[in-house]
Amino acid sequence: MAFFKRELGPIERFENALKEKQTARQKLADRLAAAESELAEKRTAAEKLAVAGAANARLDRAEAAMRAVEDRAKTWRAELAEFDEQVASAERALTDAKAQRDRDTMADQIEAMASAIERAVPGFDGGANALVEAVTKAAMSIPDATRFSGNVDAVRREVLAAADLICWELRSAAVRTRAGNANLASLAPSEAENPLSPEIDRQLIYTLHPLRWREGDEVRRVPAFALVGLPKTLLAAALQHQHVDHLNARRVQTLMHLHGSAGLGEPEADDPQLVDLDALLIAEEAPSPQADVA
């Protein structure tokens with residue numbers, strides 16, 4: 001004997017409610033069909049009596065019987081219309097519940113991804129720290145090893161900052177997904193539509209202004225407040241003029257929480273705020289007039 005009944009989920013409750021409504025509607029529809037069939041018989045009988053010239057008393061009784069059935073059919077017809085609305089409402093509720101279940105499942109998967117990244121971060125951090133310590137704690141100093149250690153530490157900081165960002169974005173996307181207003185396309189990197197050239201050495205960076213630069217025959221334009229892979233040849237000039245900043249910068253963390261990392265849409269070619277990094281780099285490398293005079 002079961003002492004505890006399993007609690008039904010939302011979908012099961014809505015399915016049961018819909019079945020109950022459909023069953024009740026069908027019973028009412030059957031009663032209405034029978035009443036309409038009886039009404040047709042009563043009308044035929046009253047018509048025959050009238051044509052045959054029956055007595056007024058018989059006609060009165062026939063008409064009364066016909067009106068009784070007609071009133072009953074009219075009442076059931078109105079109730080059937082109400083049941084139709086209730087069935088439609090129950091179907092909508094069931095559809096909404098199934099959609100919410102699907103959204104919850106997707107949100108759970110997104111949150112699981114964020115949790116998996118968070119669990120993997122300490123291992124990466126520990127491994128990177130071990131590489132750095134292998135050089136910094138050595139008894140002797142070798143320039144190549146020191147540069148290697150510095151590069152590893154810089155990559156470690158960038159990866160940790162990027163992991164924090166992606167986990168925040170994933171959890172935000174999970175919340176939006178549960179609420180039914182998620183734009184899952186925004187989770188895909190904006191640069192996926194224009195594959196980056198693998199030959200160019202890049203730095204993952206956060207833009208503070210809309211930027212433009214040329215890669216071979218292609219002109220790339222990226223919006224402000226976006227996470228992009230910027231060619232390292234342009235990085236120093238962009239940082240110096242504060243058009244970009246590192247992911248672990250305090251202001252970047254604030255801006256990412258305010259605007260995310262997908263940017264505000266690709267800027268137009270004639271956008272007056274668009275910064276040409278190639279022109280900026282050329283201006284940086286050009287000798288000043290004072291240097292020419294000297």
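The protein contains seven helices and six strands. Helices (H or I, at least four residues) and strands (E, at least two) are DSSP runs, numbered from the N terminus. From the N terminus on, the order of elements is α-α-α-β-β-β-β-α-β-α-β-α-α. The model is predicted: local features need pLDDT of at least 70, side-chain atom pairs count only at pLDDT 80 or more, and totals for chains, interfaces and linings use all residues. Residues are numbered from 1 along each chain as its sequence is written, and side-chain values use heavy atoms, with hydrogens and water left out.

Of the 294 residues in the protein, 29% are buried. Buried means under 20% relative accessible area, exposed over 50%, and partly exposed in between (1.4 Å probe, protein chains only). The protein exposes about 19,000 Å². Carbon and sulfur atoms supply 56% of that area. Accessible areas come from the Shrake-Rupley method with a 1.4 Å probe; for residues, only the protein chains shown count as cover. Among contacts (heavy atoms within 4.5 Å) with a separation of 6 or more, 72% join residues 24 or more positions apart.

Two strands pair if DSSP finds at least two bridges between them. Five bridges join strand 1 to strand 4. Within that pair, R202 stands opposite P231 of strand 4. Two bridges join strand 1 to strand 5. Here T207 stands opposite V244 of strand 5. Strand 1 is mostly covered, with five of its six residues buried.

Strand 2 (residues 211-215) has other partners. Strand 2 pairs with strand 3 (residues 218-222) in the antiparallel sense over five bridges. R221 in strand 3 is the bridge partner of R212. The hairpin of strand 2 and strand 3 has two residues between the strands. In this hairpin, G216 takes a positive phi near 65 degrees. Strand 2 also pairs with strand 6 (residues 275-276), in the parallel sense and over two bridges. V275 in strand 6 is the bridge partner of L211.

In a regular strand the side chains alternate between the two faces of the sheet. Strand 2 shows side chains that alternate along its length. L211, W213 and E215 point to one face and are buried.

Helix 5 (residues 250-259) has the buried residues V252, L255 and M256. They cover an arc of only 105 degrees around the axis, which puts them on the same side of helix 5. The arc is that of the directions from the helix axis to the C-beta atoms. The buried residues of helix 5 pack against helix 3 (143-179), strand 1 (202-207) and strand 5 (244-245). The face turned away from the buried side of helix 5 carries the exposed residues R250 and L258. Just after helix 5, G260 takes a positive phi of about 75 degrees.

Helix 3 also holds R156. At 15% relative accessibility, R156 counts as buried. R156 touches F124, D125, A128 and N129, not counting residues up to four places away in sequence. R156 and F124 are 32 residues apart along the chain, and their C-alpha atoms are separated by 8.0 Å.

F124 also contributes to a nonpolar surface patch, together with V155 and V159. The patch covers about 220 Å². Patches are made of residues with over 30% relative accessible area and no salt bridge; like charges are joined within 9 Å, and nonpolar side chains (Val, Leu, Ile, Met, Phe, Trp, Tyr) within 5 Å. A salt bridge is a side-chain nitrogen of Lys or Arg within 4 Å of a carboxyl oxygen of Asp or Glu. V155 lies in helix 3. V155 is partly exposed, with a relative accessible area of 46%.
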